[in-house]
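Please open the model in your viewer and keep the selection tool at hand.

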Amino acid sequence: MAGIGGGRLAAAVSRAGALGMIGVPASASAQWIAEQAAVAGEDGLPYGIGLMAWALPGNPAQLDAVLAARPALASVSFGPYARYVRPLQEAGITVVTQAGTTEEALEAEQAGVDAVVARGGEGGGHGRNDVATLPLLEGVLDAVRIPVLAAGGIATGRGLAAVLAAGAEGAWAGTAFMACVEATVPAAALERILAAKETSTAYGRVFDVAQRLGWPREYGGRALRNAFFDRWAGREDELDDQAVAELADARAAGDFDIAYIYASQAVGMVRERRPAAEVVADFATAESFLRRRFQQAAPPEVS
């Protein structure tokens, strides 16, 4: 959600009763973070900011900007994040990180985070592709004592109900909000998102290598499959300067046969453009799903 989930979307999600998040691109400036935080926090409601740990050594002003903004929550994931936990907590900020294996979740608990996000391979954008959401969530819940959120392919009240029933404290969702009117999505990308099916994504490192980004190798990205990905998947070491320029030009032109659109396997459930408040309301139906299911499962009363 880096770039797509700016201050406007975060504010809308928070106004609707969830916790809106600002997704910070690796190259974002401190000023950009301050501007987006001002928008997200203009109503005085809680919001969060997500950072990429691998990018912070090269852009330390991002951390300073988050400390200055004082969001309710900061997510620092994908790379050596442990050094940032205490400074954020000392600023009164709740700290979480995303884990793609039970071992990573245990490491997060030892690092002192306040909660861990069990992020399964179905998830959109970056993360591990080693374990699916449900088996990962089960393993993490058994292994750690800190609160656990579930992420990866959760886009409806049914999905939220499922992870709550398993024991998660909540869900971490991105793709469900990609078509929101408050999201920053080009029209050509929006068209592809709304037309996508659950089978329309692919996972790999093609787009990262073609941008010469410093993502750790273990964290590939899940995006809508396109011609550029299919041409280079498995040949990432052959991506040359011409391919790098081709991707850069396509991003500038909005040509999504080449440029990427990160999305989870839940993208097939994103069928229309609507306000974030409606998406949050759909998630809130989890309560009725849980109530109905547990009422049906209850044994009959004996008089």
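**Conventions**

This is a predicted model, in which local features need pLDDT of at least 70 and side-chain atom pairs count only at pLDDT 80 or more, while totals for chains, interfaces and linings use all residues. Residues are numbered from 1 along each chain as its sequence is written, and side-chain values use heavy atoms, with hydrogens and water left out. Helices (H or I, at least four residues) and strands (E, at least two) are DSSP runs numbered from the N terminus.

**Stop 1: the nonpolar cores**

Select Ile 49, Leu 88, Val 116, Phe 177 and Phe 228. These are the residues with the most contacts inside the largest nonpolar core, which has 90 residues. A nonpolar core is a set of buried Ala, Val, Leu, Ile, Met, Phe, Trp, Tyr and Cys residues joined through side-chain atoms within 4.5 Å. Buried means under 20% relative accessible area, exposed over 50%, and partly exposed in between, with a 1.4 Å probe and protein chains only.

Now centre on Leu 88. Which residues does Leu 88 touch, not counting residues up to four places away in sequence? They are Leu 63, Val 66, Leu 67, Ala 74, Val 76, Ile 93 and Val 95; contact here means heavy atoms within 4.5 Å. A second, separate core has 7 residues, including Leu 73, Val 96, Val 117 and Trp 172.

**Stop 2: helix 1 and its surroundings**

Select residues 7-15, which form helix 1. Of its 9 residues, 7 are buried, so helix 1 is largely enclosed by the rest of the structure. The buried residues are Gly 7, Leu 9, Ala 10, Ala 11, Ala 12, Val 13 and Ser 14.

Within helix 1, pick out Arg 8. Leaving aside its neighbours within four places in sequence, Arg 8 is in contact with Gln 36, Val 39, Val 181 and Glu 182. A distance check from Arg 8 to Leu 19, 11 residues along the chain, gives 13 Å between C-alpha atoms. Just after helix 1, Gly 17 takes a positive phi of about 110 degrees.

**Stop 3: helix 1 against helix 2**

Axes are lines fitted to C-alpha atoms, for helices over the stretch in contact, and angles run from 0 to 180 degrees between N-to-C directions. The two helices are therefore roughly parallel to each other, a label given to angles under 35 degrees, whereas those over 145 count as roughly antiparallel, 65 to 115 as roughly perpendicular and the rest as oblique.

Helix 1 contributes Gly 7, Arg 8, Ala 10 and Ala 11 to the contact, and helix 2 contributes Gln 36, Val 39 and Ala 40.

**Stop 4: helix 2 against helix 3**

On helix 2, select Ala 30, Ile 33 and Ala 37; on helix 3, select Ala 61, Gln 62, Ala 65, Val 66 and Ala 69, which complete the contact.

**Stop 5: helix 7**

Move to helix 7 (residues 157-166), where Gly 157, Gly 159, Leu 160, Ala 161 and Val 163 are buried. Ala 165 is also found in helix 7, but at 49% relative accessibility Ala 165 counts as partly exposed. Not counting residues up to four places away in sequence, Ala 165 touches Leu 290 and Phe 294. Helix 7 is followed by Gly 167, whose phi is positive, near 125 degrees.

**Stop 6: two loop residues with positive phi**

Select Phe 78 in the loop between strand 3 (73-77) and helix 4 (82-90). Its phi is near 70 degrees, a positive value in a residue other than glycine. Is Phe 78 buried or exposed? At 10% relative accessibility, Phe 78 counts as buried.

Finish at Arg 212, in the loop between helix 9 (206-210) and strand 10 (220-224). Arg 212 has a positive phi of about 60 degrees although it is not a glycine, and at 45% relative accessibility Arg 212 counts as partly exposed.
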